[in-house]
Amino acid sequence: MDYLQGLNEPQLEAVTTIEGPLMVLAGAGSGKTRVLTMRIAHLITNLIDPFHILALTFTNKAAKEMKDRVAKVVGQSEAKSLWMGTFHSVFARILRSEAHYIGFPSNFTIYDSQDSVNVLKKVIKELNIDGDLYKAKKVLGRISQYKNNLITVKAYFNNPELIENDERANQKHIGLIYQKYVEACFKNGAMDFDDLLLRTNELLTRFPEVLAKYQDRFRYILVDEYQDTNHSQYLIVKALASKFENICVVGDDAQSIYSFRGANILNILNFKKDYPDAVTVSLEQNYRSTQNIVNAANVVIGKNLQQFKKNVFSENEVGEKIKVYRSLSDADEAAFVASNIWQLHNSEQMNFDQFAILYRTNSQTRAFEDSLRKKNIPYRVYGGLSFYQRKEVKDLVAYLRLLVNENDAEALFRVINFPARGIGESTQNKLIVFADSQNITVSQVLGNLGQFAPTLQLNNGIITKLADFWAMIKAFQVMLKDENAYTVAMEVAKRSGLIKTLKDDQTPEGISRVENIQELMNSMQGFIDEQQQVEDGDSSLSNFLENIALSADTQKDKKDDNTPKVSLMTIHLSKGLEFPVVHLVGLEENLFPSFMSSSTREELEEERRLFYVALTRAEKRAFFSYAISRFQWGKITDAEPSRFLSEVDSEYLELINPALESRFMNHSGLKSNIFDEAPMGETRFFKKKEPKKSLERDEPTIIPKNLKPVATAKIINPSGSSSQDIEVGDR
Ligand code: ATP
Ligand code: MG
């Protein structure tokens, strides 16, 4: 059993204890994910049918990697029937087979948050509620909270406390909006992301036969990143595992970073309550990072009051100190990072995929994209606006969604007049009002225009346009019965006039939109090929649509090739990953910790956990950077170094911009603390100093007392040009 050999003692215990509940609670890089993977391999080697194994991961990417690794041990054919994926993708699949139980069509549409916001905007407008007081995005956040805590509309109205809460927050209409939103989704045959969990819970609680079926199927359940499961996910796992109790969860409370999305650290505590006999294993050795990185990360996370005390150590090399770069502006910071990557790439023959740039918010991406592009460094941005959320892509996808589920009103109104075909807003409104008055869907009105035309109060010209549009959709639907998804989508793109409209715009943006459509088609072809290669593959259009709705984290790139690329992503997305070199950028107060999350101790502790996650992604080297002024919200604002910088003991840090060194001399000639003050004597290039935001903080920024700049570090200033023929940032 070769695969067991690379495990230390507690890891071995966790892998080989295959019956009964087990929890691994351990720090970053200690091999939790490895344990989970090897445990699956071990189960299969011990003749557990892979059909009975369910593994839940935090991202699709993680699931794919885990499956590949398991396949290496047990072989492709054994690994194939494993169910592995995110909560959302696994339960979307189950909901499709069981949708009829809860009154949904099996071809239900999955709404991404953009779709949900659109539906909410319409609901708010129809209810004549002030859209300024009820911002759709915020309302969606609130609804999401309710759903993730299993507070249905009914439960909401039965709970005076919740109602009063919303009233006090000047949001007394939330309940009504929630109700109308749920009704709209139901009518559209659509579920949002939270519904995938909520409805699964509904399915499992209301229908014991369904629960029994899946309990019997999933006899071995494994969950990675358990600290970030929300209440809804917790209940699903608990219900499924309650028959066999072969459940293994792994997690690290210090890496719980999704409480804003309802993740509940208490799930870890509950585990011991739910399964009093559970075996608990702790892993202490970090195999990922150098001692310096592990020790620095430990010091910072040690400042959190709320945590299970854990010992994490590394026996890897001590490693370099963490380099700190202080920059003048965000652009300067980005230039430094690109130069640094370029230099390491050249001097140490490091591939570009060994680097990651991690930031707190997506809006920081652009500066790095610019600086990497200037140096011809290939990169890939994860997250942010996914490929599938681009307008032109969504437009074509909306047509396709409509073919699969014609009740999807969100898709219908997206395309009914795009490309323009003279069916304007007032016609659309009349359709909605009429459909409501008859208690039918808009698609039913369109499907029976002959019958409804006399009462619709629309002129003949418009009726003809509506009839033509619907005939076109119907023709596509008929075509879908005989042709494959790719052929139909191509036909839709052409016959709907979408391609022509895009091609009419010959600006670079217009051309890139056409390319995006082409790319969507490529990805569809790729999907079909992939599905045809596997035994029970499903290359249907509806499966393709489900796949892209749930693939935000594995988004396609325009030219997705194998060129090694620098990874750019938010810290949230980097969870579970590792890179030889990590640049953690934008270490400034109000940015990281975020100004939105620094008013309470709880919020600050979550920011600190984020910092811990970021730093522990690094294997060999970590670079910190911050700017003293930053272009934000359309203005240049003054910035202060992040408190987290000062929380790292200075013994682990090294300042690397000696060019600034003289500026750190104080009047007595002694080097002052690098985080003390802005460089002296430089020309400030912002016009006006912005007043500091007065934020309620529960702890002051602590300045390290003994941190000194190191004068010997090299100035990094490689040439910006490259003769290599490599592909540049493909986003
Ligand atoms: P995170 O908390 O960041 O998710 P983790 O606890 O899941 O981390 P893994 O990703 O499983 O940790 O492992 C971290 C790294 O250490 C991986 O590269 C893994 O292959 C390696 N590793 C884990 N255990 C061992 C071991 N016993 N011997 C050698 N390498 C190991
Ligand atoms: Mg992991």
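**Helix packing and ligand shell**

Reply: In this predicted model, the axes of helix α24 (residues 460-482) and helix α25 (residues 485-495) come within 10 Å and cross at roughly 160 degrees.

Me: Are α24 and α25 roughly parallel or roughly antiparallel?

Reply: The axes of the two helices cross at roughly 160 degrees. Because angles over 145 degrees count as roughly antiparallel, the relation of α24 to α25 is roughly antiparallel.

Me: Which residues of α24 and α25 make the contact, and is the crossing left-handed or right-handed?

Reply: From α24 the contact draws on Met-472, Phe-476, Met-479 and Leu-480, and from α25 on Val-488, Glu-491, Val-492 and Arg-495. By class, these residues divide into six nonpolar, no polar and two charged. The crossing in which α24 passes α25 is right-handed.

Me: Which helix gives the largest share of the shell around ligand 1?

Reply: The shell around ligand 1 holds 19 residues, of which the closest are Gly-31, Lys-32, Thr-33, Arg-34 and Tyr-287. By class, the shell divides into four nonpolar, ten polar and five charged residues. The largest share, three residues, comes from helix α3 (residues 32-45).

Me: How far apart are the end C-alpha atoms of residues 5-290?

Reply: The UniProt record, an unreviewed entry, places the feature "domain: UvrD-like helicase ATP-binding" at residues 5-290. Over that stretch the chain is 54% helix and 12% strand, and the distance between its end C-alpha atoms is 23 Å.

Terms used: Residues are numbered from 1 along each chain as its sequence is written. Chains are lettered from A and ligands numbered from 1 in the order in which they are written. This is a predicted model: local features need pLDDT of at least 70, side-chain atom pairs count only at pLDDT 80 or more; totals for chains, interfaces and linings use all residues. A residue is near a molecule or strand if its C-beta atom, placed from the backbone, lies within 6 Å of it. Helices (H or I, at least four residues) and strands (E, at least two) are DSSP runs, numbered from the N terminus. Ala, Val, Leu, Ile, Met, Phe, Trp, Tyr, Cys and Pro count as nonpolar, Asp, Glu, Lys and Arg as charged, and the others, Gly among them, as polar. Axes are lines fitted to C-alpha atoms, for helices over the stretch in contact, and angles run from 0 to 180 degrees between N-to-C directions. Angles under 35 degrees count as roughly parallel, over 145 as roughly antiparallel, 65 to 115 as roughly perpendicular and the rest as oblique. A crossing is left-handed if the near helix is turned anticlockwise from the far one by less than a right angle, and right-handed if clockwise. Two residues are in contact if their C-beta atoms, placed from the backbone, lie within 7 Å. UniProt positions are given in the numbering used here, feature names are shortened, and annotations may be inferred rather than shown by experiment.
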